[in-house]
Amino acid sequence: MKKTWWKEAVVYQVYWRSFYDTDGDGYGDLEGVIQKLDYIRELGADVIWLNPCYGSPDVDNGYDISDYRSIMPKAGTMDTFDRLLQEVHARGMKLIMDLVVNHTSDRHPWFVESRSSKDHPKRDYYIWRKEPNNWRSYFTPSAWEYDEKTGEYYFHSFAVEQPDLNWENPKVREEIYDMMRFWLDKGIDGFRMDVINLLAKQAGFPDAENPDNISYLGNNPGIHEYLQEMHEKVLKHYDIFTVGEIPFVTPEDGVLYVGEDRGELHTLFHFEVCDYMAHWDILRFKDIQKRWYDGMWGKGWNSQFLNNHDHTRLVTRFGNDTTYRVESAKCFATLLHTLPGMPYIYQGEEIGMTGVRFDSIDDYNDIAMKNKYREEVEKGRDPKEVFESLLHLSRDNSRTPVQWDDSENAGFTSGTPWIKVNPNYKEINVAAALADPNSVFYYYKKLIQLRKAHEVMVYGSYEPLLEDHEQIYAYLRELDGEKWLVVLNISDQPAVCELPASVISYPRELLIANYREQANPSDEWQLRPYESRVYRLKSS
C-alpha cells in the first residue's frame, strides 16, 4: 500500500463563525482562528479544514457563494486569510478549504446575468426548464423555483437562494477550474469538496417514483468524467489533499471516486452512519465498517467521523452526554482513531462538547430545520410535536460556539453571539480541559501521538471480532508483525467481553484506556460503561 502524508494526517475542522470572535460582532472570524492555532497544534492535528469564508449573503452559513475570490466581511479580509495561511504553514500544519461548486448564491453575478434574459450568454451557466419535475431538494419540497421575469424554472438542490450550476457547460467548468487555481496558487493544501457527486444530473430530469428519496440528486452518469477532467486540468499539478463529501454511495461506488488508479479524489466522506443512523446501532455500525473496509482497503482511502457542522455532536447523538459524558467521549475517540481511515475532529469534540436544546424554533438558525418546521406545520401537524421531532438532528446542535472558558458567552465573543451558547459552558470548556490532565482533550492528544508513532494505526489491516455482540466492539489491527487489539464497550451498561482464546493467549501491553482505574486482572474482560482499551499483543 502506498504511503502518503495525508493518509497519516489527522484533520481538525474549523467552523470559523462559531470558533472565536475577535472583533465583538458575535461571529467568529479568521483572526480568531489565527489566535487559536497554537491550541490546534497542541492537540496534534496536521490539517485544518476551514468551512467556507468566501463572499456570501450567508443564507446557508457561507455555502451560498456570491464571490469565489473574496472573503466575506464577517470572516475578515483577504489579507487576514493570507496571514492565516502563512501562520498555519509556519506551525507545520496544512490548510484545506471548502470547495462549493455544485451551486452558487442567487446573488452571484453569473446567476444575476443568467436570469436577466433567456438569450443571455450566461443563461446556460445554470439549469432552466419550462416545466418542473417532481424532485424535491434537501431544504424545500421542490427542487425548482419559478422565475417571473423569464417565465421558466431554475433548479436548486438546496435552498431557493442556491441555484445549481450547469456542469454540462464547458465554460462553467473552466470558470471553476480557474478559480481553484487561484486558491491553490496562494498555497492552500487542498479542498474538502462539498456534495461533489451532485455535479452531474440525470438526463432529461425524469420524474422520480419516490421523490422523497433524493438519491436521484447524486452519482449520475458523467460525474466521473467531470472529476477526472478536474484532476487532469487542476489537481494533479499540485501536491495537495482532496476529500469529497459524497452522499448516497456504497463502497462499490466509493472506490470509483477515490481508487488510487482512478485520477479523481484522494478520499471521501460517506454518510451511511451520520445520515441514516439517527441513534447508536452497534450492529449496523459494525456492518458498515466491515463492508467499507472490504470494499476499499488496498484500493482507496476512507474517512472516519461521527459529527461535523451538519450533524449533532457525537457524545449527544451516539454516546451519553450526562452520566458518562467523559467516558463516552473518550470511547468514541478511541473508535474513530483506531479504525482504518483518516480521523476527523470537529471543533469542540476534543473537549466533549454536547448538543443543545433551545426553547423555541425562533432560537434556531439552521435553514434546513426551519424550512422543515414550516413545511410540516403548514401540513397541519402540531407545532410542538414538529419542534420536538426536529431537535435531535438539528444542525445547530453542532454549531453553538466553542466553549473556551467559563466567562460570559464562554469566552467566544465580547458581543452578542450569532447563535446562543450552550448553557453548560460553565462546566465544559477548553480552560477546564487544559487544566485537567485526565480530560477528553489530553486523551485525544495521546491518541494522535500514538497514531504518529505507530503506523499500524494507519496502515494496519482490520479484523473484526465478536461481530454479533450488542455492546462490545472489538477488532485487531496488524502491520508487519505488529498486532494491536482494540476493545470497547459502547453502551451505558457493564459488559462481558469473551474474546477468542487465540487472541487473549498473547501477552499484552495496555497502550491507552479511558478509565483511570484499571480493572483487576481477574476481571479484565468485564468492561465498565463506555470503557475502551487498546493493547499491543506480544509474541508469546
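Q: How many nonpolar, polar and charged residues line the second largest pocket?
A: That lining has seven nonpolar, six polar and six charged residues. Ala, Val, Leu, Ile, Met, Phe, Trp, Tyr, Cys and Pro count as nonpolar, Asp, Glu, Lys and Arg as charged, and the others, Gly among them, as polar. This is a predicted model, where local features need pLDDT of at least 70 and side-chain atom pairs pLDDT 80 or more, while totals for chains, interfaces and linings use all residues. Residues are numbered from 1 along each chain as its sequence is written, and side-chain values use heavy atoms, without hydrogens and water.

Q: How much space is in that second largest pocket?
A: About 360 Å³. Of the 19 residues lining the second largest pocket, Lys 2, Trp 6, His 231, Leu 265 and His 266 are the closest to its centre. A pocket here is an open set of points on a 1 Å grid over the protein atoms alone, with protein on both sides within 12 Å along at least five of seven lines; a cavity is a set where a 1.4 Å probe fits but cannot get out, and lining residues have an atom within 4 Å of a point.

Q: And the largest pocket, what volume does that have?
A: The largest pocket holds about 1,200 Å³ of space. It is lined by 41 residues, and Tyr 138, Phe 139, Ile 214, Asp 275 and Ala 368 are the closest to its centre.

Q: Which helix gives the most to the lining of the largest pocket?
A: That is α11, with six residues. Both α11 (367–378) and α12 (383–391) supply at least two residues of this lining. By class, the lining of the largest pocket splits into 15 nonpolar, ten polar and 16 charged residues.

Q: Moving on, how many cavities are there?
A: Three of 30 Å³ or more. The largest cavity has about 100 Å³ of space. It has 13 lining residues, and the closest to its centre are His 270, Val 273, Ser 303, Gln 304 and Phe 305.

Q: What classes line the largest cavity?
A: Seven residues are nonpolar, five polar and one charged.

Q: What about the second largest cavity, which residues line it?
A: Gln 289, Trp 292, Tyr 293, Met 296, Trp 297, Gly 300, Trp 301, Asn 302, Gln 304, Pro 340 and Gly 341 do. Its volume is about 80 Å³. Helix α8 supplies the largest share of this lining, four residues. Six of the lining residues are nonpolar, five are polar and none is charged.

Q: New topic: which residues of α3 are buried?
A: In α3, Met 78, Thr 80, Phe 81, Leu 84, Leu 85 and Val 88 are buried. Buried means under 20% relative accessible area, exposed over 50% (1.4 Å probe, protein chains only).

Q: Why are they on the same side of α3?
A: Because they cover an arc of only 155 degrees around the axis. The face turned away from that buried side carries the exposed residues Asp 79, Gln 86 and Ala 90.

Q: What comes just after α3?
A: Gly 92, which takes a positive phi of about 75 degrees.

Q: Last one: is His 337 buried or exposed?
A: His 337 is buried, with a relative accessible area of 1%. This residue is found in helix α10 (residues 325–338).

Q: What does His 337 touch?
A: Leaving out residues up to four places away in sequence, His 337 touches Val 10, Pro 343, Ile 345, Tyr 444, Leu 447, Ile 448, Arg 451 and Met 457. Contact means heavy atoms within 4.5 Å. Helices (H or I, at least four residues) and strands (E, at least two) are DSSP runs, numbered from the N terminus.

How values were computed
Points joined across faces, edges and corners; volume = space filled by probe spheres on them. Arc of directions from axis to C-beta.
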